[in-house]
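Biologist: I would like to learn how to read a structure like this one. Could you take me through some features in turn?

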Amino acid sequence: MESKIRHYSDMLKNREITCTELTEKFLSGIDTSNKDLNAYVTVTADTAIEAAKKVDEKLSRGEELSLLEGIPMTLKDNISTKGIETTCCSKILEGYKPIYNATVWEALQAQGAVLLGKTNMDEFAMGSSSETSYFGGAANPHNINHVAGGSSGGVASAVGGNIAVYGLGSDTGGSIRQPVSFCGIVGLKPTYGAVSRFGLIAYASSFDQIGPITTTVEDSAIVYDAISGYDKMDSTSQGRKGAPTVDTLKNDIKGMKIGIAREYLEGVRDEVRACIEKACEVYKSLGAEIVYFNLPALKYALPVYYILACAEASSNLGRYDGIRYGYRTDAYKDVNEMICKTRSEGFGDEVKRRIMLGTYVLSAGYYDAYYKKAQNLRGSIVNAFKNAFKTCDVILAPTVPMTAFEKGNAISDPIETYLTDICTVPVNIAGLPGVSIPCGFGENGLPIGMQLIGNTFCESTILNAAWQYENAVGSEVFKSSEYGIKL
Amino acid sequence: MKYEMVAGFETHIELATNTKIFCSCTTQFGGDPNTHCCPICIGLPGTLPKLNKQVIKYAIMAGLATNCEIANISKMDRKNYCYPDLPKAYQISQYDKPLCEHGYVQLSSGKKIRLTRIHIEEDAGKLIHKRGDTYVDYNRGGVPLIEIVSEPDIRSVEEAKEYVEKLQQIMRFIGISDCKMQEGSMRCDVNISVRPEGSDKLGTRTEIKNMNSITFIGRAMEYEFQRQVDLIESGGQVEQQTLRYDDATNTTSSMRGKEDANDYRYFRDPDLVTISVTDEEIDELRKQIPELLFQKAERYVQQFGMNEKDAANISKYRRIAEFFEEASEGVKTPKNVSNFIIGQIFRRLETEDDKEKFDISITAQQLRELVKLIDDGKVKNNLAKSTLEKMLDTGKSVTEFITESDMAGMDEGMLAELCKKAVEANPKAVSDYKAGKVKALKSMVGFVMKESRGKADASAAEAKILELIG
């Protein structure tokens with residue numbers, strides 16, 4: 001598949017289109033398509049045109065453009081953008097305009113990125129359908145009666161719906177990989193610490209990572225290379241290790257060992273399993289070796305994730321008290337009532353559920369039974385993966401056990417919805433990199449995704465394996481939706 | 001029945017770093033509300049803390065100066081509670097792996113008050129109540145603190161006061177805090193209980209929060225001790241609770257009881273990495289710790305023959321001790337140096353604060369020059385004293401006030417001459433002395449001293465006058 005970023009960049013460089021025209025086209029695409037997709041919650045048309053004009057001036061002066069310069073893109077609404085509303089799609093952050101930029105946005109802005117707007121998400125990234133958003137859910141560009149997934153559903157819907165060339169999402173338990181799987185596109189969750197979290201509004205700090213959402217693997221590598229790096233503002237950041245991932249993207253994968261953990265295939269729909277098996281055949285034809293193994297620790301992944309992530313969330317979300325920024329209730333007797341009413345009115349049900357769950361597992365008398373035990377099990381899962389990477393180079397697994405659900409279905413049964421995260425959360429627990437790419441379609445015509453999981457800081461390896469697959473299967477599997485701008 | 005007081009302290013000390021613990025805002029006291037703030041210390045969404053390395057160094061120095069073991073590995077935890085002055089709704093602190101443990105502070109009696117631990121944490125902001133509204137000032141939010149927790153080893157108000165003073169002196173001495181209780185850079189929570197004398201069981205304790213003066217600590221402890229004794233004597237029971245001390249009425253009152261004690265839901269802060277300190281780094285910091293005041297005081301007694309009180313007075317303030325040591329270098333009589341400091345110089349430094357700052361106009365070298373002249377017999381004590389006053393007034397050196405001829409001293413003949421003059425000029429004094437008024441002799445000696453502009457040796461003059469008037 002041709003890199004979309006290179007495609008548009010070449011158009012700009014070859015003067016086939018000005019950056020202002022390109023940006024206007026995407027803005028008008030948003031005008032038409034966003035009614036259906038509800039991908040954007042804020043459109044920053046003025047600043048986008050302003051940024052585009054600067055690129056055009058540069059072009060008119062005959063200056064060279066960097067690869068990402070002038071490319072229209074979007075950011076999930078939990079990535080802080082100075083002066084631009086950043087709400088996490090929560091009522092409690094209504095009207096909140098950060099006074100500083102997230103490190104990733106600083107980096108992209110420095111490279112001339114054109115921000116079209118901020119995209120929809122589950123409130124505070126808690127959800128699997130984007131429907132917990134205060135602004136309503138984002139729709140799947142392949143079938144708008146279905147959800148785009150979540151929590152980065154807005155970015156996936158915008159990129160899959162061709163109303164942004166690429167976007168940045170965040171992945172705490174699958175929030176990049178799950179929606180891209182639903183929307184038939186590419187999403188990379190980098191190794192924990194590869195990309196700075198500074199400016200990413202925290203859900204669960206030890207799991208959160210920002211990563212690219214794109215339509216092609218090469219774009220994923222280009223954007224990952226641009227945003228990864230050590231940041232002194234984030235103590236947990238380590239930066240990218242090794243050469244840019246685009247350098248090794250097209251390497252031969254003959255002899256690469258691709259591992260299948262049997263546990264990953266338990267409980268997934270037959271059509272999903274069939275797609276994975278087909279992908280194995282593709283890899284074999286490319287000269288890779290398929291190795292099967294067991295990863296019994298995976299059965300603890302879901303409870304470990306929900307205990308630890310909720311515990312961290314309960315603490316991270318304590319700051320929304322209506323005192324300094326965001327929503328504040330109208331009438332109150334004293335400060336306690338003000339905080340209590342603000343939070344009761346400002347947070348949605350899913351957020352409240354996770355705050356309560358997290359508060360409970362950290363409480364005196366329950367800490368040992370839940371939080372501490374979950375921490376210990378997290379260690380076992382980390383070790384289980386470490387061992388697995390002694391026998392294989394990458395692990396191939398389904399991204400989600402099914403295709404995108406119909407709108408409204410996720411909300412009705414939270415436990416059922418939590419279960420859809422079963423394949424994605426282990427990667428966050430172990431801090432590993434994982435890239436989700438399309439691998440077929442279900443009976444309902446909706447995309448099915450698979451993920452390639454690598455050892456820590458082995459983004460190059462998984463992107464290389466992903467590119468080879470993409471190159472082998474082409475646009476039949478990496479199929480574009482009917483929406484949006486195609487130039 | 002006789003009762004015994006059992007008390008332990010939790011002492012918060014603001015560290016004198018230039019910047020806050022997790023961001024680069026200034027730690028300066030004062031400033032207009034919310035001007036010493038940034039997105040990090042007001043906890044804006046998405047911000048992350050970055051640990052200031054100087055905080056770790058200072059805390060380790062505090063630990064080393066109080067005989068603690070320093071942990072090679074420690075971590076930061078979140079202490080979750082909701083209050084408007086705490087912008088993240090959690091305080092970043094240390095829970096189960098503090099930086100320093102198992103130390104002690106030795107009182108003058110030789111008794112050791114054991115320290116359980118010293119950990120680092122961030123300070124909160126401040127609420128300001130004005131015209132019925134409440135405002136929050138986050139300037140103090142994120143200022144680095146150490147919390148020093150003692151064992152319940154304190155048995156009296158006197159011990160408590162000495163313990164707090166000692167801590168204050170040590171921390172000032174090693175330069176990690178100004179420990180100004182009135183400005184809140186040192187604050188104490190006192191845990192206090194009573195038990196029948198001779199018992200080894202601990203009674204139920206109460207905690208008096210946020211004490212900011214040593215005097216009030218003493219008063220509050222006396223009050224609380226008596227309150228608990230009275231309660232037990234009258235058949236009641238002490239209830240575990242948190243108290244506030246009201247200095248206007250000298251009473252304590254309940255802030256909250258045990259039943260609404262906070263559950264802080266401590267857990268490791270995932271935004272910060274493990275703190276690891278090598279033995280080499282600890283040794284390096286150990287070298288930076290100056291000789292402590294008690295050690296200095298002991299040395300002054302042994303090395304210079306100073307009395308204990310003077311030695312303690314001089315060594316109590318780091319700058320003064322340094323001044324003293326520098327001024328004493330190479331002089332024969334360090335005692336003269338300490339006398340000048342405790343006498344003339346201290347008179348000009350009235351408050352503790354003045355002494356701590358030690359802002360005087362002369363250098364240690366200038367004082368040394370003066371004392372050396374005494375050593376060499378070139379200047380007599382009285383003249384030296386008055387000269388020092390002039391030096392302190394002007395900041396000028398001794399040579400500005402005492403000429404070569406002044407320093408020439410007096411020969412026997414000149415002294416005899418002056419004494420004769422003194423006797424002749426004061427017939428009344430002579431007759432008074434003969435009538436038994438010993439004081440009259442002094443006035444004649446004074447005459448000699450005045451005439452000689454202080455150059456004469458007073459005792460020699462006295463002997464000579466006695467000789468003359470037989």
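Predicted model: local features only at pLDDT ≥ 70, side-chain atom pairs only at ≥ 80, totals over all residues.

Biologist: Let us start with overall form. What radius of gyration does chain A have, and what would a compact globule have?

Modeller: Chain A has 487 residues, and a compact globule of that length would have a radius of gyration near 23 Å. Chain A has 21 Å, which agrees. Along its principal axes, the C-alpha trace of chain A spans about 65 × 55 × 45 Å.

Biologist: How many helices and strands does chain A have?

Modeller: Chain A has 17 helices and 13 strands.

Biologist: Which domains make up chain B?

Modeller: Chain B is divided into domain 1 (3-284), domain 2 (291-407) and domain 3 (412-469). The C-alpha centres of domain 1 and domain 3 of chain B lie 64 Å apart.

Biologist: How do I read a helix pair?

Modeller: Two packed helices are described by the angle and the distance between their axes. Take α8 (residues 334-347) and α10 (residues 364-375) of chain B: the axes come within 10 Å and cross at roughly 125°. α8(B) and α10(B) are therefore oblique to each other. The crossing of α8(B) past α10(B) is right-handed.

Biologist: Which residues of α8(B) and α10(B) meet?

Modeller: B:N336, B:V337 and B:F340 of α8(B) meet B:L367, B:V371 and B:I374 of α10(B). This contact has 5 nonpolar residues, 1 polar and no charged.

Biologist: And at what angle do α14 and α15 of chain B cross?

Modeller: Helix α14 (residues 427-434) and helix α15 (residues 439-451) of chain B cross at roughly 150°, with axes that come within 7 Å. Angles over 145 degrees count as roughly antiparallel, so α14(B) is roughly antiparallel to α15(B). α14(B) passes α15(B) in a left-handed crossing.

Biologist: Which residues make the contact of α14(B) with α15(B)?

Modeller: α14(B) brings B:A429, B:D432 and B:Y433. α15(B) brings B:A440, B:L441, B:S443 and B:M444. The classes are 5 nonpolar, 1 polar and 1 charged.

Notes. Residues numbered from 1 in each chain as written. Chains lettered and ligands numbered in written order. Axes fitted to C-alpha atoms, helices over the stretch in contact; angles between N-to-C directions. Helix = DSSP H or I, 4+ residues; strand = E, 2+ residues; numbered from the N terminus. Parallel < 35°, antiparallel > 145°, perpendicular 65-115°, else oblique. Left-handed = near helix turned anticlockwise from the far one by under 90°. Contact = placed C-beta atoms within 7 Å. Nonpolar A, V, L, I, M, F, W, Y, C, P; charged D, E, K, R; others polar. Domains from an automatic or database assignment. Rg over C-alpha atoms; globule rule 2.2 N^0.38 Å.
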